[in-house]
Amino acid sequence: MMLSKVYFDLLTKGRSIQLVWLLQLSVFNLLFGTSFGEVRYTLAEELQRGSVIGNVARDLGLKTRELALRRARIVAEGARQLFKLDTESGSLLVSQRIDREELCAQAIVCALQYQLLLEDPLKVYSLVMDIQDVNDNSPAFANGDIHLDLVESTILGRRFPLESAHDPDLGTNTVREYKLSLNDHFALEINKQMNGNTYPELVLKKALDRETQAEYTLTMNGVDGGSPARSGTASIHIRVLDANDNVPLFSQRVYKASVPENSARGTLVAMLNATDLDEGVYGEISYSFSHVSDKTRGVIEIDSLSGEVRVAGPIDYEEASVHELDVQAKDGGGQASHCKLIIDVIDENDNEPVIAVKSASATVDEDSKPGTMVALLNVYDLDTGNSGRVKCAISENVPFKLVSEVKNYYMLVTDAMLDREMQPEYNITVTATDAGLPSLSSRKIIKIMVSDINDNPPTFIQNEYNAQVLENQPIGTFVMRVHAEDVDDGSNAKVLYSVSRATSPEMSSFLSINSETGELFTSHPFDYEQLVHFQMQVTAQDGGDPSLSSSCTVNIFIGDNNDNSPVILYPVQSTGFIAEDMVPLGAPKGYLVTKVVAVDADSGHNAWLSYRIVKYKQPKLFTVGLHTGEIRTVRPFLEDDEAQQTLVILVKDNSPESLSATATVSIVIGDGLPVLSELFEFTDESQASEDLTLYLIIALVTISSLLLLLVSTVIYFKVCRHGYAYRSATSNLPVFPTTYFPPSYTDVSRCGTLLSDDRYDSFLTTGSWRGDFRFSANVDTDTLKKRSAAYQKNTFTLSLRHASADRVSSLKVRPGAPQACYMIETIY
């Protein structure tokens, strides 16, 4: 530790006692300053503001640039800030007037405790300022005019104690000598009290003669030992009286008393007693204080007649722990004597502990490690003894604790990991309690905000979202809204939505997303017949650094619209050619003539077809099944009925805004064609009323006819191997649902609601004739899966096989649309 600097010129005085004192102070600094980790500076009072006391950075081994970076500053216990730190040079400067007498009164040692505080990381150094006295006060007499009444018979050598001059300076700067103006009768001598204080005494050197000179006026100077010396003057007015040869005498030269601080006004402190052997006016004694300091004035008073000393005003130990008073007892003849009254103030626990926040952070990161400093507190108590010992504590159940490494300083640090989402702020109550009886305490609330870090990813309300959108909706149609929440704060909680990279580019192009709201919109119209369902991943990403994200699954189901009209599969509607269906002239009522087969590429009710005759050549001859499309006879044919019949069948779907198509059916009534009993389903209900005999006859005839028909049929198939085959040449042939098929028909397509087998074996027509052709379709399944114009160029083969023969015929088919179904029916 470097030698402390002394800013007033002690070494130049040439006095050995001052040199010894300086050497002792240096040794004290070297020994105790180093061992206790303190930097001690010695400086004179009354230095000009801005005066340099020392270089703190150099004395502590710190780099000057650290002072500003670590927010270095000088802090003091209490409100007086007499010094400041120049962070650019590291020098300690005087910032306010330093008056040793005001700071330490008559204390021999005036040492002020300061701390040098550095942050990031926290470090505290102790600075002790020894304030040295300079001769800045002149000796002063409380009473500038001293009046003495002396009896002319006063014996030579009689001493008269005088009021001493008061000089608040110390050491050599206080009063050292008294000088009396030149005269023939009186001289001054210095006397010492028991406590070591000196006071002047006026000594009679030559006998008085009232008749010669009744009054004397002398001048007494009190001179201090400063350089240059200062002095104060008092006038002594001496009146020569007739003989009063006894002086009041105190029972004690020094009186000591004690009084508790905060005692009530009028409390008795001490009882002084002086006696005078004279009688009459010369024996009447009055008491008074010859000198009262500023700290005592108004606090202590004395009764001039009784000598009782009482409390006159607020008495505070912290203001003055001891009051020293010079008391004068004066008789009626003007003679007086003096004594010293020392009053000790007993400290009471009347001061609450002080909690001063020297440094505090308004916020702390939630990921701060345990031990991070949040605030620096200076806790002290102005009382002494047990009343001045302070314990400090904070609220329970908070993740903070107090750590003390320097006396009266506490660091508030984190004691556990913080979580802003659990508790965003803390109001920490710091309680300081002294050890007095009864104890006093004070509290201070420190508010600490926990700042957010991005430690929580966005979370979707649902892991999977389902939505439905109708086909053919315009671009930009709202589909649904996904929502994710982030419990973080600020930008860490701002969520942006996007389509996940895990979603294929094809699926990503189906929908667009509003990055701020999470709303999904269509990017192009959908076609239910092309796409029924698709799935995509949506990612929610927060605005943290680094950002966190999470994903959810979005399932989109395409709803069907009635955007496809029914398509006629049979009979084939070809320009310039309409296939003819043959019906026997003898066909009975309800005879199955043919069947209109139509399909609708839509689904559900939109594909539910109904059939109705809208145009006919001859009325009330044919009827069509409402949902089957079967054309049957209404009555038996007559000879005058036209042989060529044309029907127009309206096929309509079941949508509220239905679509329709028409099929033209050409029917030829032929003579000589066999009538197949199973091609009609109902007979005249009037036959139910025939008697039993008629039924037996009809049954016999029927059995005979069936036997004949069976023989004829066998011969027919052996001889005739021709038939009618109808082939689809129409483009855009969509599927038709199995719901509307006759019981013996099966879908041979790979679309709609039908089975997706690669090979089909099914009946194509309905009726009682079990010799209908069955066919097997060997389909090029790879070609059917293609949904492009190139598909229309492919060809596949239908193999027709009779159910009761080994005959096989092949039919080349070229589809006209990506999805196609084919119906083949052969009737003999």
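## Salt bridges

Asp 99 and Arg 97 form a salt bridge in which the closest N and O atoms are 3.3 Å apart, a salt bridge being a side-chain nitrogen of Lys or Arg within 4 Å of a carboxyl oxygen of Asp or Glu. This is a predicted model, in which local features need pLDDT of at least 70 and side-chain atom pairs count only at pLDDT 80 or more, while totals for chains, interfaces and linings use all residues. Residues are numbered from 1 along each chain as its sequence is written, and side-chain values use heavy atoms, with hydrogens and water left out.

Asp 99 is buried at a relative accessible area of 14%, whereas Arg 97 is partly exposed at 44%; here buried means under 20% relative accessible area, exposed means over 50%, and partly exposed lies in between (1.4 Å probe, protein chains only). A search of the whole structure finds 19 salt bridges.

## Further charged pairs

Glu 189 and Arg 159 meet through their side chains in a salt bridge with an N to O distance of 2.4 Å. This pair links distant parts of the chain, since Glu 189 belongs to strand β11 (residues 186-192) and Arg 159 to strand β9 (residues 159-161), 30 residues apart; strands (E, at least two residues) and helices (H or I, at least four) are DSSP runs, numbered from the N terminus. Both partners are partly exposed, Glu 189 with a relative accessible area of 26% and Arg 159 with 39%.

Arg 310 and Glu 308 also pair through their side chains, at 2.9 Å from N to O, and Arg 310 is partly exposed at 27% relative accessibility. Arg 71, Arg 73, Glu 119 and Asp 120 are linked in a network of salt bridges.

## Surroundings of Phe 622

Phe 622 lies in strand β48 (residues 622-624) and is buried, with a relative accessibility of 8%. Leaving aside residues up to four places away in sequence, the contacts of Phe 622 include Val 593, Ile 613, Arg 632, Phe 637 and Leu 647, where contact means heavy atoms within 4.5 Å. Phe 622 and Tyr 591 are 31 residues apart in sequence, and their C-alpha atoms are 9.5 Å apart in space.

## A nonpolar surface patch

Leu 707, Val 711 and Ile 715 make a nonpolar surface patch of about 290 Å², and Ile 715 lies in helix α6 (residues 692-719). Patches are made of residues with over 30% relative accessible area and no salt bridge, nonpolar side chains (Val, Leu, Ile, Met, Phe, Trp, Tyr) being joined within 5 Å and like charges within 9 Å. Accessible areas come from the Shrake-Rupley method with a 1.4 Å probe, and for residues only the protein chains shown count as cover.
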